[in-house]
Amino acid sequence: MIQQKKAVPLLEDASILSHEEINTGYFRLRLSSPGMARAIIPGQFVMLRVDDRMDPILRRPFSVFRILSTHSPPFLEILYQVVGRGTRLLSLLPVGERVSLLGPLGNGFPIKEHKEVVLAAGGMGVAPLFALGEAIVKRAPNRTGTVFIGGKEKGDVVCAEEFEDIGFDVVITTEDGSLGKKGLVTRPLEKIMKALSENEARNTVLYACGPAGMLSSLARSAMARGIECYVSLEEKMACGVGACLGCVAPVITKESPSKGEPRSSYRCVCTEGPVFAAGEIQW
Amino acid sequence: MVTRSKKISLKVKIGGLALKNPVMSASGTFGYGEEYNSLVDLNRLGAIVVKGISLEPWPGNPTPRIAETTAGMLNAIGLQNVGVEGFVEEKLPFLRQFEVPVVVNFLGKSLKEYVAVARKLEEVEGIAALEMNVSCPNVKAGGLVFGTDPKRVKEVVKAVRKEWSSLLIVKLTPNVTDIGAIARSAEEAGADAISLINTVRGMAIDINERKPKLATVVGGLSGPAIKPIALRMVWETVQAVEIPVIGIGGITTAEDALEFLIAGARAVQVGTANFINPLAMMEIIQGLERYLEIHGMTDFRELIGSLKTS
């Protein structure tokens with residue numbers, strides 16, 4: 001289990017500084033939230049509530065996309081797609097409106113900037129990986145990294161320019177071939193992983209976020225080649241703090257767990273994740 | 001700002017247990033306290049009811065375990081828990097740092113298991129009460145839920161009563177025809193108090209995948225959607241028994257809590273609301289004080305059961 005730092009969630013009202021539809025159905029939301037911006041790290045997320053309505057009732061989880069804690073006012077950004085009633089409601093909010101944030105939640109990415117960095121993003125997986133990318137570049141400005149962005153079609157590839165702007169090499173794949181290479185994002189990645197020497201593999205770190213199928217495929221390949229690999233998982237959430245036990249992922253249990261440690265083979269994605277080492281998960 | 005001449009009291013007793021206020025967390029919605037520690041001052045709560053524990057750790061169900069519904073949610077967690085030993089060693093020490101009474105919710109797949117858990121907890125210090133979850137299927141009786149049969153409720157409560165000397169609360173399932181009969185059985189078997197309701201059986205379907213939204217197909221509904229059902233059952237139970245009744249079901253505000261208290265509940269538990277607004281219980285406590293102030297009452301016990309039905 002990766003413990004970057006134990007999340008100490010707070011409740012903060014955040015006001016909307018900007019809210020842009022960057023592609024059809026994709027939005028970039030900038031929130032003034034000083035406490036949250038100063039505390040949150042890449043890989044962590046917030047549970048957002050629009051108002052006190054009963055329907056939709058649950059908060060929605062969003063990974064942090066950008067963190068500007070030293071800015072004035074400190075702000076964070078989330079990148080989201082309208083996929084249902086909660087996100088549709090959010091997308092209607094104008095600048096100046098306030099939302100309630102619960103966070104930071106989750107464990108964040110372990111940053112291994114001394115290795116060759118490869119990011120693999122499927123769909124909205126770009127969001128937390130961009131926050132990670134910015135943090136890596138800050139720590140190691142001379143390091144280059146590569147990001148593979150996969151989407152169903154052209155309109156689903158958001159954020160490519162942003163990665164380019166921070167110095168990442170960008171490889172795009174779309175299932176229908178409308179942008180970049182045709183096919184799944186796992187294909188070029190598998191090829192590259194296969195081509196690495198043992199030494200190169202040991203000096204590479206892969207961070208992946210996207211659909212479950214993509215993650216299991218990449219995780220298996222990375223483990224087979226001795227490439228350090230971290231995945232950010234997604235599950236439906238209610239509480240976000242590890243109380244309801246709704247958002248679990250199946251993990252490989254140890255042979256002899258220490259006394260008192262939960263022997264359940266399920267771990268909450270919200271507290272013991274969302275970032276897991278590839279080898280921890282029962283794929 | 002109104003200057004109070006007399007101090008407002010939210011104190012209430014459930015059997016021998018004195019609470020500073022009638023607001024508790026509902027089992028399964030507040031973990032073991034540590035999860036919400038940075039957001040909620042645990043010392044201000046009337047009591048904490050922890051996630052239910054079984055004899056051995058239970059892994060719980062595969063996902064999806066939760067689904068949002070209109071003004072509520074379905075859950076099929078499957079009672080994942082760390083087991084009695086895990087609870088006593090890992091979770092209880094944290095809670096014992098606080099002044100808040102700890103109520104341990106517990107469950108079992110057979111009568112023997114309920115008895116074994118109660119027996120183990122009897123030896124443990126720092127537990128104010130047990131809350132017995134009878135919404136579990138009895139695997140020895142073909143999976144029939146204990147809490148749906150008055151005879152089985154009586155049997156299992158009686159057996160547990162022998163093992164546990166402090167306050168024993170029995171938490172009832174609403175998925176029955178006659179809640180009064182079930183409550184009476186629990187009372188006859190020696191329960192000190194009744195808490196209700198647990199979740200209401202429900203389901204939801206993903207129309208694009210044409211699959212159930214929960215891995216187990218059917219789950220339990222909670223949240224504001226169930227409040228009218230819960231309130232009615234609490235009222236019926238208050239009519240049926242003499243022992244204190246604790247109301248649970250869709251409570252998110254002080255107004256909701258007041259409905260249950262007026263119907264006769266001595267205390268309330270707050271569940272799903274914690275997910276949406278971690279400050280819900282704090283706000284309810286403050287709201288109750290404000291209500292008493294506005295109505296010129298100093299002791300909230302004047303409200304309990306003050307429903308006028310004629």
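Author: What follows describes the interface and then the cavities. The model is predicted.

The contact draws 32 residues from chain A and 39 residues from chain B. Between them, chain A and chain B bury about 3000 Å², and 62% of that area is on carbon and sulfur atoms. On the side of chain A, the residues that lose the most area to chain B are A:Ile57, A:Leu245 and A:Tyr266, which together make up 19% of what that side buries.

As for charged pairs, the count between chain A and chain B is 1 salt bridge. A:Arg60 and B:Glu68 form a salt bridge, with 2.9 Å between their closest N and O atoms. Polar contacts across the interface of chain A and chain B come to 8 residue pairs, counting those with both residues at pLDDT 80 or more. Sorted by class, the side of chain A that touches chain B consists of 19 nonpolar, 4 polar and 9 charged residues.

The structure has 3 cavities of 30 Å³ or more, and the largest cavity holds about 120 Å³ of space. Strand S3 (45-49) and helix H2 (85-91) of chain A each contribute at least two lining residues, and H2(A) gives the largest share, 3 residues. By class, this lining has 7 nonpolar, 1 polar and 4 charged residues.

The second largest cavity can be set beside it. About 50 Å³ of space lies in the second largest cavity, and its lining is made up of A:Val118, A:Leu189, A:Ile192, A:Met193, A:Leu196, A:Thr204, A:Leu206 and A:Ile227. Here helix H5 (186-195) and strand S12 (204-209) of chain A each supply at least two residues. H5(A) provides the largest share of this lining, 3 residues. The lining of the second largest cavity has 7 nonpolar residues, 1 polar residue and no charged residues, whereas the lining of the largest cavity has 4 charged residues.

Note on methods:
Residues are numbered from 1 along each chain as its sequence is written. Chains are lettered from A and ligands numbered from 1 in the order in which they are written. This is a predicted model: local features need pLDDT of at least 70, side-chain atom pairs count only at pLDDT 80 or more; totals for chains, interfaces and linings use all residues. Side-chain values use heavy atoms; hydrogens and water are left out. Contact means heavy atoms within 4.5 Å. Buried area is the accessible area (1.4 Å probe) that two parts lose on being put together, summed over both. A salt bridge is a side-chain nitrogen of Lys or Arg within 4 Å of a carboxyl oxygen of Asp or Glu. A polar contact is a pair of N or O atoms within 3.5 Å; within protein, one must be able to donate a hydrogen and the other to accept it, and residues adjacent in sequence count only if both atoms are side-chain atoms. Ala, Val, Leu, Ile, Met, Phe, Trp, Tyr, Cys and Pro count as nonpolar, Asp, Glu, Lys and Arg as charged, and the others, Gly among them, as polar. On a 1 Å grid over the protein atoms alone, a cavity is a set of points where a 1.4 Å probe fits but cannot get out, and a pocket is an open set with protein on both sides within 12 Å along at least five of seven lines; lining residues have an atom within 4 Å of a point. Grid points are joined across faces, edges and corners, and a volume is the space filled by probe spheres set on the points. Helices (H or I, at least four residues) and strands (E, at least two) are DSSP runs, numbered from the N terminus.
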